Amino acid sequence: MKLIATECRPPQPDTAPQPRRALRIAVIGSGYVGLVTAACLARCGHAVVAVDSDEAKIARLADGHVDVYEPGLADLMRAQLVAQRLRFTTGIQAALRDVDLVFVAVDTPGRSDGSTELGAIDAVMRDIAAVVRAPSVVVIKSTVPVGTAQVLQRQLDEAGDSDAPRVLCSPEFLREGTAVADFLQPERILIGDDGSDDAAQRLLLAAYAPLVDAGIPVLAMDTRSAELSKHAANAALAMRISFVNEIASIAGATGADIEKVCDGIGSDRRIGRSFLRAGLGYGGSCFPKDVAALRETARRHNVRSDMLQATERINDRQRCWAFNELQRDMGSRGRLRGLRVAIWGLAFKPGTDDVRCAPSLALADRLARAGVRLALYDPVAMANARAALAHDRHTRWAESAGDALTGADALVLATEWDEFVAFDPDAVAAALRLRTVYDGRNALDAARWTEAGLRVVQVGRPILPPSARSLRLNLAAEQRARRVPLRAAGPLDIAA
Ligand SMILES: NC(=O)c1ccc[n+]([C@@H]2O[C@H](COP(=O)([O-])OP(=O)(O)OC[C@H]3O[C@@H](n4cnc5c(N)ncnc54)[C@H](O)[C@@H]3O)[C@@H](O)[C@H]2O)c1
């Protein structure tokens, strides 16, 4: 991840709740989850040392600079640094000495077959085995395949004498963009524990004391059930997204409107409205990896995973939605060559600079390979997107949303940042030569944008007929277009 310049405001005075017992805690891994965990546990009044193997990252963090864009995190972290409840180091073995609890929050990336790469966890566990002894407790925060905590416990038992620390798991459910609030006010705290007494669990709950005191429900279960709960939770959300996208395809083919359908079914309390959003599909560092990992777990245990496989297939298809719509409008693949398309939004969702598995990048890559000239813009994810996308000399990194429109034929909305949704549609209509917008998130007010003279293509929704005003605007623009030949093979039938 690239460094995002953060405004260096003086740290706010911190009124941390005083826990019944301030614990000494090490958090290993200072990425999205580890950093939020460390800062929030310090906020709960504990003495926290945050560890990462990335020296440059630790130097920046110790200096008060947060690498990732996460609202509220930088201020919270700086306040804990000033209060001396939080420090950063790369020296893992020294950090592990004399701690009550170790939280492991290193990355667990997916391999191409869906299985999980556990190399980072294994490396950390070797250090833990060398230094940490009972009654200290190890808590796995990283998302791991079912059975991992038991394997790690066995390894520690074999490496240590009789005083190996207990391994619990406490899967993390925070969402990027609202991570601090999600950590401090989670819907539940999940604890996986295979021990015969509850001493380790009590220690973990002491770390979460302010949350437990505030009434957050605690669900304790065996480690296998806790690990599977995390994968199953992400799979359930991903499945909902793929389900609604499949219904959106049916809506698009039959003339129904997916947004009305979502209202229609979402008002049923048994179904609910959340995560019923048609669009370009899910992305990010968790859903694609966790669905694949669960599918792979099922395969290893000779269990069929038809729903998981369908979820992935639908998502892969959905990521091509804007490409397919553009291609259909242009008549054939060859006619995409030379077209100029602006893409608004590169982060996998608003509120984050994370572009891992972002549908926007898959789209940009596909369009660039078809010879489309791109102008890309995101309010916070430009640096990460530049690092992730293969260099293409026809791709322009725009300075602003308006700048991305300069010289563009069409616009694709890939991430529904507020500034895009609030953008003046008249300005968009004036800038786009083909005056067509592909709203891959169904976020735009289609009536208002159509009124401005734009043809608004949304996922699973009928295209609104042009109003009298937009017909006039279209006519004027077509006359202009006839005087200035389009770079693309022909204009869209925008009044159709
Ligand atoms: N990002 C999310 O929204 C989210 C939410 C819930 C759960 N998770 C899970 O949490 C885990 C961490 O995810 P993340 O997004 O924070 O990852 P990340 O890539 O942002 O951070 C991982 C950090 O661990 C560090 N690291 C790797 N090996 C190390 C080692 N041996 N010693 C010390 N540090 C090491 C890396 O340098 C990196 O800074 C993953 O298992 C993920 O699936 C992520």
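Reader: Why is Glu 172 called buried?

Author: In this predicted model, Glu 172 has a relative accessibility of 11%. Buried means under 20%, so Glu 172 counts as buried.

Reader: What makes Glu 172 and Lys 141 a salt bridge?

Author: The closest N and O atoms of Glu 172 and Lys 141 are 2.8 Å apart. The rule asks for a Lys or Arg side-chain nitrogen within 4 Å of a carboxyl oxygen of Asp or Glu, so the pair qualifies as a salt bridge. Lys 141 is buried, with a relative accessible area of 3%.

Reader: Why is this pair said to tie together parts that are apart in sequence?

Author: Glu 172 lies in the loop between strand 6 (166-169) and helix 7 (179-184), while Lys 141 lies in the loop between strand 5 (137-140) and helix 6 (148-159). The parts are 31 residues apart in sequence, so the pair ties them together.

Reader: How do you know that a salt bridge crosses the interface of domain 2 and domain 3?

Author: The rule finds one there. Arg 461 and Asp 257 form a salt bridge in which the closest N and O atoms are 2.9 Å apart.

Reader: What else describes the contact between domain 2 and domain 3?

Author: The contact takes 21 residues from domain 2 and 21 residues from domain 3. About 1,600 Å² is buried between the two domains, with 53% of that area from carbon and sulfur atoms. Twelve residue pairs are in polar contact across the interface. On the side of domain 2 that touches domain 3, eight residues are nonpolar, eight polar and five charged.

Reader: Why is Arg 304 called exposed?

Author: Arg 304 has a relative accessibility of 69%. Exposed means over 50%, so Arg 304 counts as exposed. Arg 304 meets Asp 306 in a salt bridge (3.2 Å, N to O). Asp 306, at 43%, is partly exposed.

Methods
Residues numbered from 1 in each chain as written. Predicted model: local features only at pLDDT ≥ 70, side-chain atom pairs only at ≥ 80, totals over all residues. Heavy atoms only, no water. Contact = heavy atoms within 4.5 Å. Buried area = accessible area lost by both parts, 1.4 Å probe. Polar contact = N/O pair within 3.5 Å; in protein donor to acceptor, adjacent residues only side chain to side chain. Nonpolar A, V, L, I, M, F, W, Y, C, P; charged D, E, K, R; others polar. Helix = DSSP H or I, 4+ residues; strand = E, 2+ residues; numbered from the N terminus. Buried < 20%, exposed > 50% of the residue type's maximum accessible area, 1.4 Å probe, protein only.
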